[in-house]
Amino acid sequence: MAPKGVPQKVGVVGYGRLGQSLVSHLLAQGPELGLELVFVWNRDPARMAGRVPPALQLHNLAALGERHPDLVVEVAHPKIIHESGAHILRYANLLVGSPSALADQTTEQQLLDASHRWGHAVFVARGALWGTEDISRLDAARGLQSLRVTMATHPDGFRLEGPLATARSTGSRTVLYEGPVRGLCPFAPRNSNTMAAAALAAPSLGFDNVIGVLVADLSLADMHVVDVELRGPPGPTGRNFAVHTHRENPAEPGAVTGSATVAAFWRSLLGCCELASRPGIHLC
């Protein structure tokens with residue numbers, strides 16, 4: 001964390017449910033933690049009216065450098081990372097809240113190039129992914145053969161695009177997509193972030209070999225369920241190492257972000273503030 005008397009300056013990009021929570025935390029707890037909120041930007045500035053002090057409202061994202069941030073937190077939409085991620089890295093470290101953006105190989109390369117050029121880090125929030133460190137360690141030890149992430153919730157909790165936008169539930173539980181995470185992210189950019197984080201945690205498999213499954217379940221009106229299944233190579237007896245985690249995250253009806261994910265993101269923000277600014281992409 002930044003030393004007392006030298007606050008780390010933080011900007012927040014996006015003022016939806018997650019952005020509102022982070023801004024509230026930063027205003028209430030930031031000073032005692034050595035964090036200073038220096039700007040909030042939202043695609044619709046009207047949403048900030050009466051809620052964000054006028055002096056903190058940034059109306060032109062291209063001018064973020066004028067606020068001299070040390071860390072910019074994106075909690076808006078993958079489009080922001082596609083369009084402005086590299087620009088942000090010129091001025092500050094970047095905490096990506098929409099890791100599905102990195103499924104686009106051009107975007108990932110642009111961020112890496114900017115990160116190394118300007119000496120700033122790309123942090124990626126793990127969000128709802130349980131066991132991130134374990135996945136990364138197993139992958140680094142070449143002990144990961146397969147990784148599958150299933151995200152299930154009520155259809156009202158999805159924000160789907162392209163061909164998935166017209167997908168319809170055919171019963172109480174419908175698999176809308178099953179395949180490589182890279183193929184899902186463009187059409188479910190706000191519902192595939194946990195899967196994208198898994199792909200980043202397991203670079204030996206990556207976006208092309210981590211399998212994502214999106215399920216519409218009419219019984220899950222107030223909950224997001226994430227199952228992570230991984231397998232390692234066979235042991236001496238011929239049996240495979242295997243782990244299956246099942247995470248039930250309470251959520252308001254129709255909400256994209258579950259309650260526990262909001263709390264986890266705040267911890268990610270605090271965590272990346274304690275890490276050194278080194279080029280590259282790092283889960284946090």
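This is a predicted model: local features need pLDDT of at least 70, side-chain atom pairs count only at pLDDT 80 or more; totals for chains, interfaces and linings use all residues.
Entry 1, the pocket. I looked up the volume of the second largest pocket and found about 220 Å³ of space in it. The lining includes Ala 199, Leu 200 and Ala 201, together with Gly 206 and Phe 207, and also Ile 281, His 282 and Leu 283. Glu 108, Ser 136, Arg 182 and Pro 203 are listed in the lining as well. Sorted by class, I have seven nonpolar, three polar and two charged residues around this pocket.

I asked how many residues of α6 are buried. The answer is nine of the nine, so I take α6 to be largely enclosed by the rest of the structure. The buried residues run through Asn 193, Thr 194 and Met 195, then Ala 196, Ala 197, Ala 198 and Ala 199, and finish with Leu 200 and Ala 201.

I traced an open sheet in the order β7-β8-β6-β9-β10, with mixed pairing. At its edges I found β7 and β10 (240-250), each of which pairs on one side only. Ignoring direction, neighbouring strands of this sheet are turned by 15° against each other on average. Helix α6 packs on this sheet, where it touches β6, β8 and β9 (223-234), and its direction makes about 170° with that of β6.

I then followed β8 (residues 211-217) by itself, and since six of its seven residues are buried, I read the strand as largely enclosed by the rest of the structure. Strand β6 (residues 146-153) runs parallel to β8 and is joined to it by six bridges, whereas β7 (residues 173-180) runs antiparallel to β8 and is joined to it by seven. Which residue of β8 is the bridge partner of Thr 153? I found Ala 216 there, and Ala 216 is also the bridge partner of Thr 174. Elsewhere in β8, Gly 212 is the bridge partner of Gly 179.

I followed β11 into an open sheet of six strands, ordered β2-β1-β3-β4-β5-β11 and paired in the parallel sense. Here β2 (35-41) and β11 stand at the edges with a single partner strand each, so one side of each is left without a neighbour in the sheet. From one strand to the next, the twist averages 25°. I also noted that helix α2 (residues 78-89) packs on this sheet, touching β1 (8-13), β2, β3 (71-74), β4 (93-96) and β5, with its direction at about 155° to that of β4.

Strand β5 (residues 121-124) pairs with β11 in the parallel sense over four bridges. Within this pairing, Ile 281 of β11 is the bridge partner of Val 122, and Leu 283 of β11 stands opposite Val 124. I reminded myself that in a regular strand the side chains alternate between the two faces of the sheet. For β11, I recorded Gly 280 and His 282 on the covered face, with Ile 281 and Leu 283 on the uncovered one.

Definitions and conventions. Residues are numbered from 1 along each chain as its sequence is written. Side-chain values use heavy atoms; hydrogens and water are left out. On a 1 Å grid over the protein atoms alone, a cavity is a set of points where a 1.4 Å probe fits but cannot get out, and a pocket is an open set with protein on both sides within 12 Å along at least five of seven lines; lining residues have an atom within 4 Å of a point. Grid points are joined across faces, edges and corners, and a volume is the space filled by probe spheres set on the points. Ala, Val, Leu, Ile, Met, Phe, Trp, Tyr, Cys and Pro count as nonpolar, Asp, Glu, Lys and Arg as charged, and the others, Gly among them, as polar. Buried means under 20% relative accessible area, exposed over 50%, partly exposed in between (1.4 Å probe, protein chains only). Helices (H or I, at least four residues) and strands (E, at least two) are DSSP runs, numbered from the N terminus. Two strands pair if DSSP finds at least two bridges between them. Axes are lines fitted to C-alpha atoms, for helices over the stretch in contact, and angles run from 0 to 180 degrees between N-to-C directions. Contact means heavy atoms within 4.5 Å.
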